[in-house]
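Please look through the sequence and the model shown below before reading on. The paragraphs after it take up a few features in turn.

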Amino acid sequence: MAVSWRRIAVPAAAVGVLVPAALGAHALLSGPDTPRTSSAGIPATGATVPGAVPDDARASGPEGGAAVARPSDAPTRSGNSVSVQLSSYDAHRKQAELKPSAGKTVRTGDVIAAAPNRHAPSGALFKVGKVTGSHDGKVRVTTAPATLSELLGDQKVDQRTALRPGEVSVKPLSSGVTMQKPASGSGAGSGGPATPSGGPDAPSGTPGATASGSPSPSASDFSGIRTQLVPSGNRPAPTSSGSALSPEARKALTTLRLGVNVPLPKGVEATGKSPARLAGEVTFRPELIFQYEKRGGLNLLPQRAAIGLGGSYGYGWQVHGKVRKTADTGQIAVPLAAVTGRHVFWVGPVPVVVSTEVTFTYRFTAGGRIVLDADQRTSGAFAVGAKYDRQNGWQPLHEAYQQTKGATPRVEGAATATARVGTRAQVFLYDTAGVGGELSVHLTGRAAAASDGGAPAWALSAGYDLKTELMLQLKIFGIQIADLRTTPFALHDERKLFGRGKLPAA
């Protein structure tokens, strides 16, 4: 029986693999001479894996180096790989230039997958649509969209991976935001987003997912951006199952720390305890989620897939202000800092590039006369993204857990005041946006004047709002979906922390 073959381009740092379209990739990744794999078909990390790149190392080989895996002429599963260099890439114009090794060619239909490099900072995934010319040993081609099913074939990948220091970049966007240096012996006692006893370290965004620092080339260089990242490998192991981080992944965890001391809007005065301000510390340990599973059969679509962002966070709240009328920082939240993260999930020798852009924001509103002095500590974990299975189609992936503790606050007056710290995120597969979401964590003080001879009433509560939006570009999985950006996928929770008396209904 004749077998058609698919050719795949991968970075030069990885070993090329030949993938028969009729058989899928998995059949060729589990032989005695191939890297050892997990039960999910993912190459194990460590020096014994051919092509593995140490986490602190830079990709070897020439800039833009790649390889085209190609079958031999014999009707067997054996084949050879052909090295190729990605000389240029223009996703907007749908053009690329490839330089194959001597005596080799690039053909229409080749699937090219490249890890991040100078020509494709977010990596690249495309098919060769047409060969348009050649010069000096380089081949000019037009590009066409490629899907993960065309790239990966029959595979199973289920990972939730903590980003490493070299994969994350931070840029403060407000003058009152600073990157904090790690305290000595950073870990559980360093003020990071501690996981509450008995609570999950992170929600199980993809059931059964494993967190792994899969080998990857170094992240792109983000010049001109100030960063300070804190390795946090000394934190206690999580008590939950399913999404528990492995010891290897825990060592690689990166805690981002923002020192926040921003002014409250005009009209907010100092209290007897503090100047008017929103201050404290924001910590975040980012993780990227990627799932793909396709088994044999005539259906070209995967059985299931997922992409998203998760992690644990901690907010050290110091909210102090006295309002006589009303106050608002504005309808649009004020940006605090921008975070960029990128990770390469290696499926055999094939790079799958997932990245995220996160913006932290804040907002303060007060609806009338109120005095608020609150020092609280919020810790939690969340996941935001999208998940797919053939039975239910695309659905939001959004889960959250949170708790807040602190000293008894001062809340006086006859109004409501709310401080919010938001996290707006987009997650990309290669250079294509796939899912967006927003986590808004808030601290709210409510007060009411005394009535009918009783005492004034007040309360302090904390909560969150989590929203998810799916985008058309998720078709990179090979699955067409409707535009769901206007569909409300949301979670909400609010809990009373302190209070006295009975407040009128909101």
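What follows covers aromatic pairs, nonpolar cores and the surroundings of one serine.

The model is predicted, so local features need pLDDT of at least 70 and side-chain atom pairs count only at pLDDT 80 or more, while totals for chains, interfaces and linings use all residues. Residues are numbered from 1 along each chain as its sequence is written, and side-chain values use heavy atoms, with hydrogens and water left out.

A search of the whole structure gives 8 aromatic pairs. Rings of Phe, Tyr and Trp (its six-membered ring) pair if their centres lie within 6.5 Å; planes under 30 degrees apart count as stacked, over 60 as edge-to-face and the rest as tilted. Tyr89 and Phe126 form a stacked pair, because their ring centres are 5.2 Å apart and their planes are at 10°. This pair links distant parts of the chain: Tyr89 is in strand S5 (residues 79-90) and Phe126 in strand S8 (residues 124-135), 37 residues apart. Strands here are DSSP runs of E with at least two residues, numbered from the N terminus. Tyr89 and Phe126 are both buried, where buried means under 20% relative accessible area, exposed over 50% and partly exposed in between (1.4 Å probe, protein chains only).

The rings of Tyr313 and Tyr315 have centres 5.4 Å apart and planes at 35°, so this pair is tilted. Tyr313 counts as buried at 1% relative accessibility, and Tyr315 is buried with a relative accessible area of 2%. Ring pairs join Tyr313 and Tyr315 with Phe284, Trp317, Phe360 and Phe382 in a cluster.

In soluble globular proteins, nonpolar side chains tend to be buried together. A nonpolar core is a set of buried Ala, Val, Leu, Ile, Met, Phe, Trp, Tyr and Cys residues joined through side-chain atoms within 4.5 Å. The largest such core has 82 residues, of which Leu148, Leu258, Phe290, Phe364, Leu429 and Tyr430 touch the most other members. Strand S20 (residues 350-366) gives the most to this core, with 9 residues. A second, separate core has 14 residues, among them Leu86, Tyr89, Leu98 and Val139.

Ser122 lies in the loop between strand S7 (111-114) and S8. At 17% relative accessibility, Ser122 counts as buried. Its side chain makes a polar contact of 3.3 Å with the side chain of Arg342; a polar contact is a pair of N or O atoms within 3.5 Å, and within protein one must be able to donate a hydrogen and the other to accept it, with residues adjacent in sequence counting only if both atoms are side-chain atoms.

Terms used. Helices (H or I, at least four residues) and strands (E, at least two) are DSSP runs, numbered from the N terminus.
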